[in-house]
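Visitor: I would like to learn how to read the charged pairs on a model. Could you walk me through one?

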Amino acid sequence: MVHRDWFDLTEFENIDGEIRRFIEKVDRPFKGTMDVYFKDTAYFAVSALGSNPVDMKLQGVVSPIRVDEPFLWLLYKLKYIEGEWDDAFFRNPAH
């Protein structure tokens with residue numbers, strides 16, 4: 001994901017929502033703990049390597065995926081960068 005000129009709130013909400021629903025299913029106590037102890041939480045899908053190792057060895061070049069998004073979210077929350085919604089987000093009746 002490339003964030004150009006702003007933090008993409010639509011993409012963030014989609015990923016955060018998917019991961020929240022997953023954690024709710026597989027580890028409800030963890031999610032409950034996060035909600036109790038932190039007033040503002042967010043979940044991200046990141047990969048430090050970019051692919052799974054095979055037999056404990058990398059199969060190519062390390063290519064991190066989305067590792068910048070937690071930092072960008074913090075910058076957005078602290079009002080250092082702006083966030084914008086994709087217009088298609090508002091046209092989706094599921095919200």
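Guide: Let us begin with Glu18, which is exposed because its relative accessible area is 51% (buried means under 20%, exposed over 50%, partly exposed in between, with a 1.4 Å probe and protein chains only). This is a predicted model, where local features need pLDDT of at least 70, side-chain atom pairs count only at pLDDT 80 or more, and totals for chains, interfaces and linings use all residues. Residues are numbered from 1 along each chain as its sequence is written, and side-chain values use heavy atoms, with hydrogens and water left out.

Visitor: Which side chain meets Glu18 in a salt bridge?

Guide: Side chains of opposite charge can pair when their charged atoms come close. Here Glu18 pairs with Arg21 at 2.9 Å, N to O; a salt bridge needs a side-chain nitrogen of Lys or Arg within 4 Å of a carboxyl oxygen of Asp or Glu. The two are three residues apart in helix 1, so about one helical turn separates them (helices are DSSP runs of H or I, at least four residues, numbered from the N terminus). Arg21 is partly exposed at 47% relative accessibility.

Visitor: Which parts of the chain does the pair Arg66 and Glu11 link?

Guide: Their side chains form a salt bridge, 2.9 Å from N to O. This pair links distant parts of the chain, 55 residues apart: Arg66 lies in the loop between helix 2 and helix 3, Glu11 in helix 1.

Visitor: Which residues are linked in a network of salt bridges?

Guide: Glu24, Arg28, Lys31 and Asp35. Within it, Glu24 and Arg28 have their closest N and O atoms 2.7 Å apart. Glu24 is partly exposed at 28%, while Arg28 is exposed at 54%.
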